[in-house]
Amino acid sequence: MSRRAVVIGAGLAGMLAAAALSTVVDEVTVLERDDLPDGPEHRKGLPQGRHAHLLMAGGLAAMEDLVPGVGMRKHLLAAGAREISLSSGMIALTPEGWFRRWRHEGPRMMTCSRALLDWAVRDAVLANTGAQVRKGRALALTGDARRVTGVRVSTPDGDEVIDAAFVVDASGRGSRVVNWLSGLGISGVREKTVDAGLVNATRIYRTPTGAEGFPLTIIQANPYQGLPGRSGMVLPIEGDRWMVSLAGTRGGGEPPSDPDGFLRYTLDLPHPLVGQLISGAEPLTDIHVSRSTSNQRRYLEKVREWPEGFVALGDALATFNPAYGQGMSVAALGARVLSRELRQGGVGSAGLARRVQRGAASSVEAAWTMAVSQDVWFPGTRGGAPTIADRLVTRFTRRVIRTATGSYGAASALWDVTGLTAGPERLLRPSALFATLNGPSLPAAAGPPLTGAERVVLRDL
């Protein structure tokens with residue numbers, strides 16, 4: 001059998017999967033239907049690419065494992081990404097109040113444009129592995145219900161079949177994996193969509209002089225008021241710029257696409273801080289709007305029959321409301337599962353594909369629960385309504401968040417879960433439970449927790 005692996009899609013999930021496979025096969029071919037830019041530029045095949053993305057600590061750790069010898073953290077920082085401390089470098093208004101900022105060093109996340117992140121990861125993988133990108137669009141899988149043996153591809157030179165010992169579908173939200181499996185005789189794939197009708201609107205601004213060190217600022221939506229959600233974020237990115245992303249759900253929460261309406265929306269959020277920051281800032285782009293924001297999941301791990309030699313990862317497996325910032329990290333964690341299983345058994349190991357598909361579902365489940373358990377509360381959400389389980393999870397989660405506004409112990413546990421360095425069970429450890437049951441040890445903050453210097457910056461903007 002060929003010692004070639006084929007990865008469908010050259011996005012984040014695809015390149016990380018290619019890095020994992022490159023250690024165990026002779027050749028890795030990454031199929032990409034789009035023309036890839038030579039640098040950190042937006043590409044049309046990524047509908048959410050112009051909006052805010054957060055790379056959580058768990059996702060970065062997975063990347064470090066997948067591309068050894070590069071130092072992905074240093075590579076991203078050298079490319080211009082920013083590193084933000086969750087404990088001290090972020091100002092966030094939650095539905096339960098303002099998070100405090102702590103002097104203790106907490107986990108960090110990376111912030112940059114999605115274009116920069118994708119380019120930096122692709123550059124690192126191609127420079128440090130034997131993987132190669134080839135222009136082509138996957139049409140179907142070859143093989144049968146027992147084993148996938150390759151991919152039928154449409155290329156600029158015509159259709160052809162590429163034989164492979166292993167195939168990864170990382171083609172994103174628009175994946176045709178269900179149809180491809182049907183072509184092999186595999187049916188019964190359960191799919192679920194929970195859609196709050198979220199609309200994203202994003203504009204890039206030049207960071208005002210003197211505000212270069214201002215913290216990441218988030219005004220979160222409140223799903224528990226029976227009203228459409230409205231949120232806003234000022235995200236420091238490369239090039240001394242701010243990415244300002246607004247998000248609102250259907251029924252009146254959708255952000256506008258005109259400049260005056262965009263600014264009014266920020267000032268009308270539950271706190272006007274985002275609007276105050278950008279009122280005098282210089283806009284560098286138009287306002288970009290996207291509606292590709294629903295939570296979608298394919299329960300591939302539950303399919304009764306699963307072929308050897310094939311897995312689906314990243315957005316081909318599940319997509320999440322981008323407001324929760326977990327999609328990239330979930331993709332990286334899925335690729336790390338692939339890498340771990342390949343190291344243990346090799347590409348021809350019996351049951352490898354099934355183990356990877358089930359292992360990848362673990363991080364998907366945690367992120368899915370977190371996103372959907374909030375989205376189902378927004379009015380007009382399609383595909384889901386609060387269940388008894390959702391109500392129990394929500395009651396506990398709200399108590400955790402309320403406690404985290406004034407308890408370092410609870411905040412630390414919450415950071416671990418949202419940062420995907422630990423599963424939801426982290427909130428049930430004795431120390432976290434004790435803190436949650438006792439409630440916040442400090443009184444609720446009356447306003448945004450700004451330092452004196454930050455108040456001066458805000459005043460002078």
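Trainee: Leaving aside its neighbours within four places in sequence, with which residues is threonine 249 in contact, and is threonine 249 buried or exposed?

Mentor: In this predicted model, threonine 249 is in contact with Ala196, Gly197, Leu198, Pro228, Gly229, Glu254 and Phe378, its neighbours within four places in sequence being left aside. Threonine 249 has a relative accessible area of 1%. Because buried means under 20%, threonine 249 counts as buried.

Trainee: How many aromatic pairs does a search of the whole structure find?

Mentor: A pair of aromatic rings is described by the distance of the centres and the angle of the planes. When the whole structure is searched, the number of aromatic pairs found is four.

Trainee: What is the arrangement of the aromatic pair of tyrosine 224 and tryptophan 377, and how many residues apart are they?

Mentor: The two rings lie 6.2 Å centre to centre with 70° between the planes, and the pair is edge-to-face. Tyrosine 224 is in the loop between strand 15 (216-219) and strand 16 (230-237), whereas tryptophan 377 is in the loop between helix 9 (352-375) and helix 10 (388-404). The pair thus links distant parts of the chain, 153 residues apart.

Trainee: Why is the pair of tryptophan 306 and phenylalanine 310 stacked?

Mentor: The ring centres of tryptophan 306 and phenylalanine 310 are 5.8 Å apart. Their planes stand at 25°, and planes under 30 degrees apart count as stacked. The pair of tryptophan 306 and phenylalanine 310 is therefore stacked.

Trainee: Which residue has its charged end over the ring of tyrosine 265, and which lies over the face of tyrosine 299?

Mentor: Over the ring of tyrosine 265, at 4.0 Å from its centre, sits the charged end of arginine 230. Over the face of tyrosine 299, at 4.2 Å from the ring centre, lies arginine 190.

Trainee: Why do the buried residues of helix 13 lie on the same side, and which residues are exposed on the other side?

Mentor: Helix 13 (residues 452-460) has Glu454, Val457 and Leu458 as its buried residues. They cover an arc of only 95° around the axis, so they lie on the same side of helix 13. What covers these buried residues includes strand 5 (90-94) and helix 7 (273-278). On the other side of helix 13, the exposed residues are Gly452, Ala453, Arg459 and Asp460.

Terms used:
Residues are numbered from 1 along each chain as its sequence is written. This is a predicted model: local features need pLDDT of at least 70, side-chain atom pairs count only at pLDDT 80 or more; totals for chains, interfaces and linings use all residues. Side-chain values use heavy atoms; hydrogens and water are left out. Rings of Phe, Tyr and Trp (its six-membered ring) pair if their centres lie within 6.5 Å; planes under 30 degrees apart count as stacked, over 60 as edge-to-face and the rest as tilted. Helices (H or I, at least four residues) and strands (E, at least two) are DSSP runs, numbered from the N terminus. A charge sits over a ring if NZ of Lys or CZ of Arg is within 6 Å of the ring centre and within 35 degrees of the ring normal. Buried means under 20% relative accessible area, exposed over 50%, partly exposed in between (1.4 Å probe, protein chains only). The arc is that of the directions from the helix axis to the C-beta atoms. Contact means heavy atoms within 4.5 Å.
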